[in-house]
Amino acid sequence: MTKKLEKKMIGKYAVEMIKTSNKEEPSDAYENLLSDLLKGSYIQFNEDKTYEFNLAGKMHKGSWYFSEDGNTLFTDNKDLKFQINKFTETGLELNSFNKDDVVLMILKKINE
């Protein structure tokens, strides 16, 4: 079950958009800051189960694996785990869990 999913995940994705679940509406300034930060940000899932996650110029590397049910993607960094929201025509949407905040990440696949 997860083998097919792993195949689907492999590739490089640009981080298009990040939305936090914080109830307050972010200001335009915050949104602009965010889009500036995201320029050049990407996640790459490799076939050998390693990943590179470049967010706002900070590089994270490690290994990744799926939960039994294939709904959650874990990494060797306990603070970095994702739930697959859905695959889209251009990439996928992940929920990233950061302590008690859930962040929606919209990813666009940039290579096959």
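Helices here are DSSP runs of H or I with at least four residues, numbered from the N terminus. With that in hand, welcome to this predicted model. Just after helix 1, G11 has a positive phi of about 145 degrees. The points below take you through the helices first and then the strands.

**Helix 1**
- Helix 1 covers residues 2-9, and T2, L5, E6 and M9 are buried in it.
- Viewed down the helix axis, these buried residues fall within an arc of 100 degrees, so they line one face of helix 1.
- As background, an α-helix has 3.6 residues a turn, so residues three or four places apart point the same way.
- On the face turned away from the buried side, helix 1 carries the exposed residues K3, K4 and K7.

- Helix 2 spans residues 28-38, and L33 lies in it.

**Strands 2 and 3**
- Strand 2 (residues 42-45) and strand 3 (residues 50-55) run antiparallel and are joined by four bridges.
- I43 has F53 in strand 3 as its bridge partner.
- The two strands form a hairpin with four residues between them, and K49 in the turn has a positive phi of about 70 degrees.

**Strands 3 and 4**
- Strand 3 also pairs with strand 4 (residues 58-66) in the antiparallel sense, over six bridges.
- Opposite E52 stands K61 in strand 4.
- This hairpin has two residues between its strands, and A56 takes a positive phi near 50 degrees.

Note on methods:
Residues numbered from 1 in each chain as written. Predicted model: local features only at pLDDT ≥ 70, side-chain atom pairs only at ≥ 80, totals over all residues. Heavy atoms only, no water. Buried < 20%, exposed > 50% of the residue type's maximum accessible area, 1.4 Å probe, protein only. Arc of directions from axis to C-beta. Pairing = 2+ DSSP bridges.
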